[in-house]
Amino acid sequence: MEKISSFFIQRRNMKKSIENLVLLNCIFVICLVVANVISSKLVILGNHFIVPAAVVSYGITFLCTDIIGEIWGKKEANKTVKRGLLTQIIATFLILFAIKIPIAPFMSDFQEKFQAVLGGSLRMTLASLVAYIIAQTNDVFIFHKLKTLNNGKYKWVRNNVSTICSQFLDTSIFITIAFYGVVPDLFLVIYSQFFIKVIIALLDTPFFYLFTKSE
């Protein structure tokens, strides 16, 4: 906890160090795994937009890769994306194992609920993995392309454009694979989630500037 507190409170600690890189990778993985676990809960925002509860948690992962890319470079950001993919695969198998092993007799009434919350379906898992690897890889690519084109200036442009474009890909791919033929209006679902993700992407800009500010 002391390490995490110093990360957020003491600006001078956000420098190119192994400790900070490890911490950002930990935050990335935690948010990614939590997003996968809580995504089955749908919430309504503003009486119009129905989105997964994971919308904030998953949005933080893009902020993490942008910070890593800005300070440690494109290669390190891509490593984080690959670690995230491996983490999701491992987590999926561990969750499936937990579902399949025999449950204690006095807990049998909870098995169906446990599986409903954590199990998901093969289709949902596939949708999540495909959307993740395409969107996150695209985020790193666009971020560094814009950084090169603008000679390192206009950080808000690469932070927002890369995240917004990638979130559109993530939302479109995931919703299409997971709900095609199930949900009557895919466009409405995609629009609702993407709209909220754009707002979150814009709100994380001050944090991106804070943690990437030059000494």
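Reader: D170 and K197: buried or exposed?

Author: Both D170 and K197 are buried, where buried means under 20% relative accessible area, exposed over 50% and partly exposed in between, with a 1.4 Å probe and protein chains only. This is a predicted model, in which local features need pLDDT of at least 70, side-chain atom pairs count only at pLDDT 80 or more, and totals for chains, interfaces and linings use all residues. Residues are numbered from 1 along each chain as its sequence is written, and side-chain values use heavy atoms, with hydrogens and water left out.

Reader: What do the side chains of D170 and K197 form?

Author: A salt bridge, at 3.3 Å from N to O. The term stands for a side-chain nitrogen of Lys or Arg within 4 Å of a carboxyl oxygen of Asp or Glu. D170 is in helix α7 and K197 in helix α8, so the pair ties together parts 27 residues apart in sequence. Helices here are DSSP runs of H or I with at least four residues, strands are runs of E with at least two, and both are numbered from the N terminus.

Reader: How many salt bridges does the structure hold?

Author: Four. Among them is the one between E70 and K147, at 3.8 Å from N to O. E70 sits in helix α3 and K147 in helix α6, 77 residues apart.

Reader: And which salt bridge does R158 form?

Author: R158 pairs with E70, and their closest N and O atoms are 2.9 Å apart. R158 lies in helix α7 and E70 in helix α3, so this pair joins parts 88 residues apart in sequence.

Reader: Switching topic. What volume does the largest pocket have?

Author: About 1000 Å³. On a 1 Å grid over the protein atoms alone, a pocket is an open set of points where a 1.4 Å probe fits, with protein on both sides within 12 Å along at least five of seven lines; lining residues have an atom within 4 Å of a point. The volume is the space filled by probe spheres set on the points, which are joined across faces, edges and corners.

Reader: Which residues are closest to its centre?

Author: Of the 42 lining residues, N36, S39, S40, M124 and F174 are closest to the centre of the largest pocket. Helix α6 gives the most to the lining, with six residues.
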